[in-house]
Structures are given as structure tokens and as C-alpha cells.
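Subject: Model for your files

Hello,

Here is the structure for you to open alongside this note. My notes on it follow below.

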Amino acid sequence: MTDNEKLVVLKRMTGERSVAVLSTYLSLARSVVLSHAYPYGYGEDEEIPEKYDSIQIEIAVYMLNKRGAEGEVSHSENGVSRTYEDGDIPPSLLRRITPMAGVL
């Protein structure tokens, strides 16, 4: 999936109109995926394996939706309750990324 296709999907899922904001969150999500897929480092030009494209988008959506509520553990208002799984990216998303390592 190309970055433009990811931006279209992200825009549809979140309703965010700013391409700059969407690109920023997609880039942040890319870093999260790569740091978990390659825990011992990766090259600057490393591409996300295609199997993790949807996870990158899901992480970007999570971060966008949580914007303004970072670090919130619990919230109740007008009968609506919010509790986040973790202060950062939920472990349930990160568990879907298999770390890779090699021997030199």
C-alpha cells in the first residue's frame, strides 16, 4: 500500500482533513511499527513490511483519536466512560508485530 493510499484510508477513518496532520501521525506510527519490528535497530530507509500496513494505519488512528487525552486512564462524562488500555500505544496492537533479529 502506498503512503497516499494510507492517507486516504486514515482520512476516511478519522475525518481529519489536514494532510499535514495525517502525514505526521502516519510517520509517527511508522516509527512505532519499525521500532517493534526491528528492536535492535533498522536503517533510515527501511520500509514497513506490507503485512504491517494496516497496523500502521490502526496505530495512527489510535493516536489521532486520543489527541488531547494523552495519558488519560479513566474518564466519565454524561454517561460516557473512557478508559485507555495504556498510556501509549495499546499492547494489543503492538503484539501483532513480530520482532525480527539476525545474526551477523
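Which residue follows α1, and is its phi positive or negative? The residue after α1 is glycine 15, and its phi is positive, near 85°.

Some ground rules before the rest. This is a predicted model, in which local features need pLDDT of at least 70 and side-chain atom pairs count only at pLDDT 80 or more, while totals for chains, interfaces and linings use all residues. Residues are numbered from 1 along each chain as its sequence is written, and side-chain values use heavy atoms, with hydrogens and water left out.

Overall layout

The protein chain has four helices and two strands; these are DSSP runs numbered from the N terminus, with helices being H or I of at least four residues and strands E of at least two. Starting at the N terminus, the order is α-α-α-β-β-α. Of the 104 residues, 33% count as buried, where buried means under 20% relative accessible area, exposed over 50%, and partly exposed in between (1.4 Å probe, protein chains only). The chain exposes about 6900 Å², and carbon and sulfur atoms supply 51% of that area (Shrake-Rupley method, 1.4 Å probe; for residues, only the protein chains shown count as cover).

Helix α1

The 12 residues of α1 should span 16 Å at 1.5 Å a residue, and its end C-alpha atoms are 16 Å apart, which agrees. The expected span is 1.5 Å times one less than the number of residues. Lys6, Leu7 and Leu10 are buried in α1. Down the helix axis, the buried residues of α1 fall within an arc of 100°, so they line one face; the arc is taken from the directions from the axis to the C-beta atoms. On the face turned away from that buried side are the exposed residues Asn4 and Arg12. The cover over the buried residues of α1 includes α2 and α3, a contact being heavy atoms within 4.5 Å.

Helix α3

Helix α3 covers residues 53-65 and is mostly covered, with 10 of its 13 residues buried. Among them are Asp53, Gln56 and Tyr62. Their cover includes α1 (3-14), α2 (19-37) and α4 (91-94).

The strands

β1 (residues 74-77) and β2 (residues 80-83) pair in the antiparallel sense over four bridges; strands pair if DSSP finds at least two bridges between them. Serine 74 has threonine 83 in β2 as its bridge partner. The two strands form a hairpin with two residues between them, and asparagine 78 in the turn has a positive phi of about 50°.

Regards
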